[in-house]
Amino acid sequence: MNWTAKKISEIRKIKGLTQEELAEQAKINLRTIQRIENSESEPRGKTLNLICEVLEIDSKELILTESSIREKNIGTKIINGLFLIALNMVLVGIIGFLTLDSNANMNSVFGGYLLSIFLPFFIIVMTKEMSGMERILKFGFGYIAYFVLVMAKQGFPTGFVTGLFPCLLISISVLYFGNELIKNRE
């Protein structure tokens, strides 16, 4: 349901009007009111003004509020996207630094393995409502991109021997199957 339809429906219910009563008072077809409230059509011009007059709301305010909500949604999506990109770079950077670095010793590689389990598990705990695939698309695309990049630049043997590829595989597996781990614990 879009914002305008939701607001019209809410105000109509607050005023104690049925769809039929609103249609009758606004001199609009009942089917038009039903389409508007079901988000099948958007009220414009005369129809919007008639509905707003009956509901005693300002049509300009209704339109301005809806457009500001859409702008906030777009801004929020951009900020969330930038945050996800930065988070993916940090996660991949940590694993890469601990494993692929030329000075990495066994302790670093072991730390990489531990972090490849615990960082994704923390993400799972914070995003229980997400599906495994959605979680991989949001938080695992950095791992996949890093895998492809290392594969192209240094080859599979280097990535596997350093422990980077197993860490990436563990991380992606935990992100995907994490809901199953949490369900078993609860």
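Which residues does Arg 12 touch, not counting residues up to four places away in sequence?

View 1. Arg 12 touches Leu 17, Thr 18, Gln 19, Leu 22, Glu 37 and Leu 55, where contact means heavy atoms within 4.5 Å. With a relative accessible area of 7%, Arg 12 is buried (buried is under 20%, exposed over 50%, partly exposed in between; 1.4 Å probe, protein chains only). The side chains of Arg 12 and Glu 37 are joined by a polar contact of 2.6 Å (a pair of N or O atoms within 3.5 Å; within protein, one must be able to donate a hydrogen and the other to accept it, and residues adjacent in sequence count only if both atoms are side-chain atoms).

**View 2. Phe 156 in helix α9.** Helix α9 spans residues 156–161 and includes Phe 156, which counts as partly exposed at 42% relative accessibility. Leaving aside neighbours within four places in sequence, Phe 156 is in contact with Met 151 and Phe 165.

**View 3. Ile 78 in helix α5.** Ile 78 has its place in helix α5, and this helix covers residues 59–99.

**Notes.** Residues are numbered from 1 along each chain as its sequence is written, and side-chain values use heavy atoms, with hydrogens and water left out. Because this is a predicted model, local features need pLDDT of at least 70 and side-chain atom pairs count only at pLDDT 80 or more, whereas totals for chains, interfaces and linings use all residues.

Methods. Helix = DSSP H or I, 4+ residues; strand = E, 2+ residues; numbered from the N terminus.
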